[in-house]
Amino acid sequence: MNHPEIIIIAALAESNRVIGKNGKLPWKIPEDSRRFQQLTIGHTVIMGRKTWEYDVEKCPLIHRRNIIISSSPQTQTIAEDCPSYPFELLFASSLQAALQKVTEEQKVFIAGGAIVYGQALQLADTLKLTLIEGNFEGDVFFPEYTHLIGTYFELVHQEQQPGYRFATYKRIREAT
Ligand SMILES: NC(=O)c1ccc[n+]([C@@H]2O[C@H](COP(=O)([O-])OP(=O)(O)OC[C@H]3O[C@@H](n4cnc5c(N)ncnc54)[C@H](OP(=O)(O)O)[C@@H]3O)[C@@H](O)[C@H]2O)c1
């Protein structure tokens, strides 16, 4: 079976791995949002139902295939007032079911939140992380991953920006 590159894309506070607060991102970093857009446009983005509902407010990301994971995919809806740009929207009952819809793709982005990242970490080929300096309060956290660096993933690219850095890690060993 074909297997797209599975890319986790996430922004997290480096000090405590916070990724969200009250259903939203705890920060506004326009350059990071632009980068997310640049990297994901034209590809499939998989996200959990809570990120879909509270963060993107049930409006699909345009120019992308959006796959939303939920244990009740048949009851999910789209907001009525979303911009009518092109997008594709699918619902899936698990991460595996979502990945089965994209076997012909070259790459697929796992866009959170914490519950989905937790499941995807063992499958991911690539981690594209935005590591943010400073302390942020939050209620959802990226899974513990630093122990995997050097054993399962290696740093292949890093770009420092004021207050944060982009770090890309590639898998060097299959998960056991
Ligand atoms: N900083 C970042 O890069 C980033 C990125 C994305 C999101 N976030 C933040 O993350 C927060 C949301 O994350 P979260 O962890 O609370 O929720 P989430 O991962 O977005 O969604 C969790 C939901 O997804 C569904 N789900 C996940 N795995 C499933 C599976 N294997 N089978 C069936 N359904 C499954 C379930 O929906 P049902 O309950 O419908 O079954 C589950 O309740 C928000 O604050 C958001 O802003 C941050």
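Here is a friendly set of numbered notes on the structure shown above.

1. **What you are looking at.** This is a predicted model, in which local features need pLDDT of at least 70, side-chain atom pairs count only at pLDDT 80 or more, and totals for chains, interfaces and linings use all residues. Residues are numbered from 1 along each chain as its sequence is written, and side-chain values use heavy atoms, with hydrogens and water left out.

2. **The parts list.** The chain holds 10 strands and four helices. Both kinds of element are DSSP runs numbered from the N terminus: helices are H or I runs of at least four residues, and strands are E runs of at least two. The chain is as compact as a globular protein of its length, because its radius of gyration is 16 Å, close to the 16 Å given by the globule rule for 176 residues. That radius is taken over C-alpha atoms, and the rule is 2.2 Å times the number of residues to the power 0.38. Along the principal axes, the C-alpha atoms fill a box of roughly 40 × 40 × 25 Å.

3. How much of the chain is buried? Of its 176 residues, 44% count as buried. Here buried means under 20% relative accessible area, exposed means over 50%, and partly exposed lies in between (1.4 Å probe, protein chains only). The chain exposes about 9,400 Å², and 49% of this comes from carbon and sulfur atoms. Such areas come from the Shrake-Rupley method with a 1.4 Å probe; for residues, only the protein chains shown count as cover.

4. A contact means heavy atoms within 4.5 Å. Among contacts with a separation of 6 or more, 64% are between residues 24 or more positions apart. As for charge, the mean positions of the 18 positive and 20 negative charges are 1 Å apart. Lys and Arg count as positive and Asp and Glu as negative, while His and the chain ends are not counted. Each charge is placed at NZ of Lys, CZ of Arg, CG of Asp or CD of Glu.

5. **R165, an arginine to click on.** Find R165 in strand β10, residues 164–171. Is R165 buried or exposed? R165 counts as buried because its relative accessibility is 16%. Its side chain makes a polar contact with the side chain of E14, at 2.3 Å. A polar contact is a pair of N or O atoms within 3.5 Å; within protein, one must be able to donate a hydrogen and the other to accept it, and residues adjacent in sequence count only if both atoms are side-chain atoms. Setting aside residues up to four places away in sequence, R165 touches E14, L129, T130, L131, Q158, E159 and Q160.

6. A13 belongs to strand β1, residues 5–13, and counts as buried at 0% relative accessibility. A13 and N135 are 122 residues apart in sequence, yet their C-alpha atoms are 6.9 Å apart in space. Beyond four places in sequence, A13 is in contact with V18, W27, I132, G134 and F136. R17 sits in the loop between β1 and β2 (18–20). R17 is not a glycine, but has a positive phi of about 65°. With 23% relative accessibility, R17 counts as partly exposed.

7. **G42 meets H63.** G42 lies in the loop between α1 (30–40) and β3 (44–48) and counts as exposed at 54% relative accessibility. Which residues does G42 touch, not counting those up to four places away in sequence? They are H63 and R64. G42 and H63 are 21 residues apart in sequence and 5.8 Å apart from C-alpha to C-alpha. H63 is in the loop between α2 (49–55) and β4 (65–69), is partly exposed at 40%, and has a positive phi near 60°.

8. **P60 in the α2–β4 loop.** P60 is found in the loop between α2 and β4. P60 counts as buried, at 8% relative accessibility. Apart from neighbours within four places in sequence, P60 is in contact with W52, N66, I78, C82, F87 and L89.

9. **A cis peptide bond.** The bond from G112 to G113 is cis, with omega near -5°. G113 lies in the loop between β6 (107–110) and α4 (114–120).
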